[in-house]
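Here's a quick tour of a helical packing problem, written for someone who likes cut-offs spelled out. Have a look at the model first, then read on.

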Amino acid sequence: EAEEAFQRGVAALRVGNLSIASAELERATEISPLYPKAYYYLGEVHARSRRLQEAIEAYNKSIAMERYDYASHVALGLLYKREFFRAEDEKALEHLGLALKLRPDLHVLRFHLGELEANRDKERAREHFRVFIEHSAADDPLLAQAREALRGLERETIDAQPFLPPIGPSDQALLDPELHRLLSEAYVLGAEQEEWDRAEKSLL
């Protein structure tokens, strides 16, 4: 009986009949309280109906019953990202990060994680955008946005780098030859070629 109510609820959700979907999925959870899929779809109904707190509770119940429920982590992470105006970015990062661990092949998660990290950890943001761009189809609607975001982050990195003047002849005499070579290579990579990441790594 719970399965029948579940199927009716999912069918109603697919055609946009949210009131019937809600009633049937609620019935499924009443008959079978340990029904994670029913709670996931109930979360979808609540989210579409703008009942955000009820959606969060339903997704969390699904996750509590099924630890590998990546779909609820995705839905919950995107809800926090889109609906709370950056106030719940920590929770969005947590759930989208867990979803990515469960499904590393869902590269679109990288795009959303990149957006969330852009104002927090720029290196992580750049890495997320790079992986997303690498694995995206040419017609992916988010591809151009990801490329522009990555360019912006890279420009910020270049602008933030301090100017390092070349070593003068009098200074060179005081340096160990190997250290002088490393510093010279780093200067060329950074100041002249604007490859600051490689310049930094060459000195490590």
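Predicted model: local features only at pLDDT ≥ 70, side-chain atom pairs only at ≥ 80, totals over all residues.

## Around Leu96

Setting aside its neighbours within four places in sequence, Leu96 is in contact with His73, Val74, Gly77, Leu78, Leu109, His112, Leu113 and Leu116 (contact means heavy atoms within 4.5 Å).

Residues are numbered from 1 along each chain as its sequence is written, and side-chain values use heavy atoms, with hydrogens and water left out.

## The core and its helices

A nonpolar core here is a set of buried Ala, Val, Leu, Ile, Met, Phe, Trp, Tyr and Cys residues joined through side-chain atoms within 4.5 Å; buried means under 20% relative accessible area, exposed over 50%, and partly exposed in between (1.4 Å probe, protein chains only). Helices are DSSP runs (H or I, at least four residues), numbered from the N terminus.

H7 is largely enclosed by the rest of the structure, because 7 of its 10 residues are buried. Those are Leu109, Phe111, His112, Leu113, Gly114, Leu116 and Glu117.

Ala99 is in helix H6 and is buried, with a relative accessible area of 0%. Its C-alpha is 5.5 Å from that of His73, 26 residues away along the chain. Beyond neighbours within four places in sequence, Ala99 is in contact with Tyr70, His73, Val74 and Leu109. Glu94 also lies in H6 (residues 89-102), but at 44% relative accessibility Glu94 counts as partly exposed.

## Lys81 and the charged pairs

What does Lys81 do with its side chain? Lys81, in helix H5, makes polar contacts with His112 at 3.3 Å and with Glu115 at 2.7 Å. A polar contact is a pair of N or O atoms within 3.5 Å; within protein, one must be able to donate a hydrogen and the other to accept it, and residues adjacent in sequence count only if both atoms are side-chain atoms.The Lys81 and Glu115 side chains also meet in a salt bridge, that is, a side-chain nitrogen of Lys or Arg within 4 Å of a carboxyl oxygen of Asp or Glu. Lys81 lies in helix H5 and Glu115 in helix H7, so the pair ties together parts that are 34 residues apart in sequence. Lys81 is buried at 18% relative accessible area, whereas Glu115 is partly exposed at 25%.

The structure holds 17 salt bridges, including these:

| Salt bridge | N to O distance |
|---|---|
| Lys81 and Glu115 | 2.7 Å |
| Glu117 and Arg120 | 4.0 Å |
| Arg130 and Glu127 | 4.0 Å |

Glu117 is buried, with a relative accessible area of 8%, while Arg120 is partly exposed at 44%. Both belong to a network of salt bridges that links Glu90, Glu117, Arg120, Asp121 and Arg124. Arg130 and Glu127 both lie in helix H8 (residues 122-135), 3 residues apart, about one turn of the helix.

Terms used:
Helix = DSSP H or I, 4+ residues; strand = E, 2+ residues; numbered from the N terminus.
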